[in-house]
There are 2 protein chains.
Amino acid sequence: MTLPLALTMGEPAGIGGEIFLRAWAALRTGTVPFFLVGDADWLRAVDPSVPLAPIATPEAANDLFRRAAPVMHAPLPARPVPGRPDAANAPAVLHSIASCVTFARAGRVAGVVTNPIQKSALYDAGFRHPGHTEWLAELTESSGPPVMMLACPALRVVPVTVHVALARAIDALTTGAIVETARITAAALRADFGIARPRLAVAGLNPHAGEDGAMGHEDAAIIAPAVAALRAQGIDARGPMPPDTMFSPRARKTYDAAIGMYHDQALIPLKTLDMDGGVNVTLNLPIVRTSPDHGTALDIAGKGLADPGSLIAAIWMAAEIAQARARRNA
Amino acid sequence: MTLPLALTMGEPAGIGGEIFLRAWAALRTGTVPFFLVGDADWLRAVDPSVPLAPIATPEAANDLFRRAAPVMHAPLPARPVPGRPDAANAPAVLHSIASCVTFARAGRVAGVVTNPIQKSALYDAGFRHPGHTEWLAELTESSGPPVMMLACPALRVVPVTVHVALARAIDALTTGAIVETARITAAALRADFGIARPRLAVAGLNPHAGEDGAMGHEDAAIIAPAVAALRAQGIDARGPMPPDTMFSPRARKTYDAAIGMYHDQALIPLKTLDMDGGVNVTLNLPIVRTSPDHGTALDIAGKGLADPGSLIAAIWMAAEIAQARARRNA
């Protein structure tokens, strides 16, 4: 039997409800059933024209999926106002995430697709984790660090550092961190993406990858040893690559994932290519977890403008990763 | 009368000869005549099948252009070997550049399109300028600093800092440098690109443009004041923009040029989109100067693999800029 995917509610003042309902309308006749853990009254207010199917168990989603959007009701204490997050709803937002993770760990759903959250609203309510992903790693008792991959049909990128100031990202860059990120990426490409011998392109840090030391020492001193260590471990890694040319259409064909040295080096090429179809995949978790590659979009929430493209891509990718893991474990 | 464009020889061990001959074959029936200042024997060896027209003056290029590739002969002392730059040829490489500039300053050519040079070979021969562009500014007695713009049909980008290590680029970033670069860009968009009221998108430095100070202080302390100063001067500038999302297909429609804070932030999105059609335009020079957006490609020189796309785009763009300047001065 196909297991459904569990979708979290995300920030109810954002576009999560809209894109869930639109994604259901787009995918209802497909082969990937899913349900959302969230407030059914809120979803009815978001779009009264979409039929909802209340469910009490994940298993119930499969039968109902073609007829109505399955929702496991989890009430919100405050009525959401589009664009205005309310800390009173934070416990329910967190509960939705925890429920989905529980179902995934119990093997009752194929994976979890998380809608965007508004961290400031959660912090106001006492949330004490650096972010969504770190909390998921804790909930799943993950043995290693979670690693963020951004993927679209044309490119997969994995940054070694993420949400830190650029100057600090440079200071924090180590050979060990690059090797660990690349190893996790190579393992995920094998296990989750079905790529038997993944090819990694490791970015340089400086213009032209330092041009033999003329522009910065990090490429030779930190990144080149990481590439050598990876190759010594049998991983097909190349680099440090000149960052500006490694994402060209021609260069992209030569690798399965690019390892970026900082947030924007990895995210700029991906979002330049594909703002709407990008997917955020968390590597190195025991459960399958994807999410759309955008935020809560408070500025357009409630206006009927939200594009479900990235959520739809995240749902598809979660299903594909779950299938790859199932094949591997069969 | 249409003035021709002057093309420099560039590094004769690179792909300059191949792409010149292919560009001529592609453009010979068009409306933009051009000639190359370089060694005719070298060009004959590169591709004996292409007819050459020896010329002694720029004016002679126009009449001959449809029948043969016009070449103003400037002999190379050493026979070029593809892939192996020879410092013995450096004076001739520099002479070609200086000749083209002289013609442009005298109003005898519409502009200069430079083929890629191999700086190391020039340095070995005593060249003492940081690069091609800086030397052109000196040759043209330019009153302000030259500024590099990279342009393709989908995007124009201008980095505030160029060939320095990333950590130094961060240290060197000042409000004044951003304002100067943006002002020069806005002036060039008006004068050279015919955009009456240019819209500039100024990138942030840190992930999410610092997220209100959570990730780095530079966005608020250095970049935001630059945007405010530009707006106070009547320039339509916005920012600091989150670097990862500002190059998305949707965001690109909202501005005429992006001001990047460092080399790769500006060049990655451009080369991600369009490796072959990108053009390097030098803003703030008294002459028109463009060049292809790639290097000497020593690894493929002499193999018949070189793509003339970027040189062709550079030729077109030089012609368009020359026409825009002529209209403005008419």
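Q: How many salt bridges does the count come to over all chains?
A: The count comes to 14 salt bridges over all chains. Keep in mind that this is a predicted model.

Q: Why does the pair of A:Asp244 and B:Lys271 join two chains?
A: A:Asp244 sits in the loop between β9 and α10 (249–252) of chain A, while B:Lys271 belongs to helix α11 of chain B, so this pair links two chains.

Q: How far apart are the closest N and O atoms of that salt bridge?
A: In the salt bridge between A:Asp244 and B:Lys271, the closest N and O atoms are 3.4 Å apart. In general, side chains of opposite charge can pair when their charged atoms come close.

Q: And how many salt bridges are found across the interface of chain B and chain A?
A: Two salt bridges are found across the interface of chain B and chain A. Ten residue pairs are in polar contact across that interface, both residues being at pLDDT 80 or more.

Q: Which elements of chain B give two or more residues to the side that touches chain A?
A: Those elements are α7 (166–172), α10 (249–252) and α11 (263–273) of chain B. The one that gives the most is α11(B), with nine residues.

Q: What classes of residue are on that side of chain B?
A: The side of chain B that touches chain A has 18 nonpolar, nine polar and seven charged residues.

Q: How many residues are in contact between the chains?
A: 34 residues of chain B are in contact with 34 residues of chain A.

Q: What area do the two chains bury between them?
A: Chain B and chain A bury about 2900 Å² between them, and 65% of that is on carbon and sulfur atoms. The size of an interface is often given as the accessible area lost when the parts come together.

Q: Which residues in chain B lose the most area to chain A?
A: They are B:Asp244, B:Ile268 and B:Thr272, which together make up 21% of what the chain B side buries.

Q: Changing topic: what does α11(B) lie across within chain B?
A: Helix α11(B) lies across β6 (147–152), β7 (155–159), β8 (199–203) and β10 (257–260) of chain B. The helix runs at about 160° to β7(B).

Q: In what order do the strands of the chain B sheet come?
A: The order is β3-β4-β2-β1-β5-β12-β11-β6-β7-β10-β8-β9 (chain B), twelve strands in an open sheet with mixed pairing. At the edges are β3 (52–54) and β9 (236–241) of chain B, each pairing on one side only. Neighbouring strands are turned by 30° against each other on average, direction ignored.

Q: How do β2 and β4 of chain B run, parallel or antiparallel?
A: Strands β2 (residues 34–38) and β4 (residues 69–73) of chain B run parallel, joined by three bridges. B:Gly38 has B:His73 in β4(B) as its bridge partner.

Q: And chain A, what order do its strands take?
A: In chain A, twelve strands form an open sheet with mixed pairing, in the order β3-β4-β2-β1-β5-β12-β11-β6-β7-β10-β8-β9. The edge strands there are β3 (52–54) and β9 (236–241) of chain A.

Q: In what sense do β5 and β12 of chain A pair, parallel or antiparallel?
A: Strands β5 (residues 111–113) and β12 (residues 289–292) of chain A pair in the parallel sense over two bridges. Opposite A:Val112 stands A:Arg289 in β12(A).

Q: Which strands does helix α4 of chain A touch?
A: Helix α4 (residues 90–105) of chain A packs on the sheet and touches β1 (5–8), β2 (34–38), β4 (69–73) and β5 of chain A. The direction of the helix makes about 165° with that of β1(A).

Q: Now the backbone. Is the peptide bond from B:Gly239 to B:Pro240 cis or trans?
A: The bond from B:Gly239 to B:Pro240 is cis, with omega near -5°. B:Pro240 is in strand β9 of chain B. In chain A, a cis peptide bond joins A:Gly239 and A:Pro240, with omega about -5°, and A:Pro240 is in strand β9 of chain A.

Q: What about A:His208, is its phi positive or negative?
A: A:His208 has a positive phi of about 55°, although this residue is not a glycine. Most residues other than glycine have a negative phi, and most peptide bonds are trans. A:His208 lies in the loop between β8 (199–203) and α9 (218–232) of chain A.

Definitions and conventions:
Residues numbered from 1 in each chain as written. Chains lettered and ligands numbered in written order. Predicted model: local features only at pLDDT ≥ 70, side-chain atom pairs only at ≥ 80, totals over all residues. Heavy atoms only, no water. Pairing = 2+ DSSP bridges. Helix = DSSP H or I, 4+ residues; strand = E, 2+ residues; numbered from the N terminus. Contact = heavy atoms within 4.5 Å. Axes fitted to C-alpha atoms, helices over the stretch in contact; angles between N-to-C directions. Buried area = accessible area lost by both parts, 1.4 Å probe. Salt bridge = Lys/Arg side-chain N within 4 Å of Asp/Glu carboxyl O. Polar contact = N/O pair within 3.5 Å; in protein donor to acceptor, adjacent residues only side chain to side chain. Nonpolar A, V, L, I, M, F, W, Y, C, P; charged D, E, K, R; others polar.
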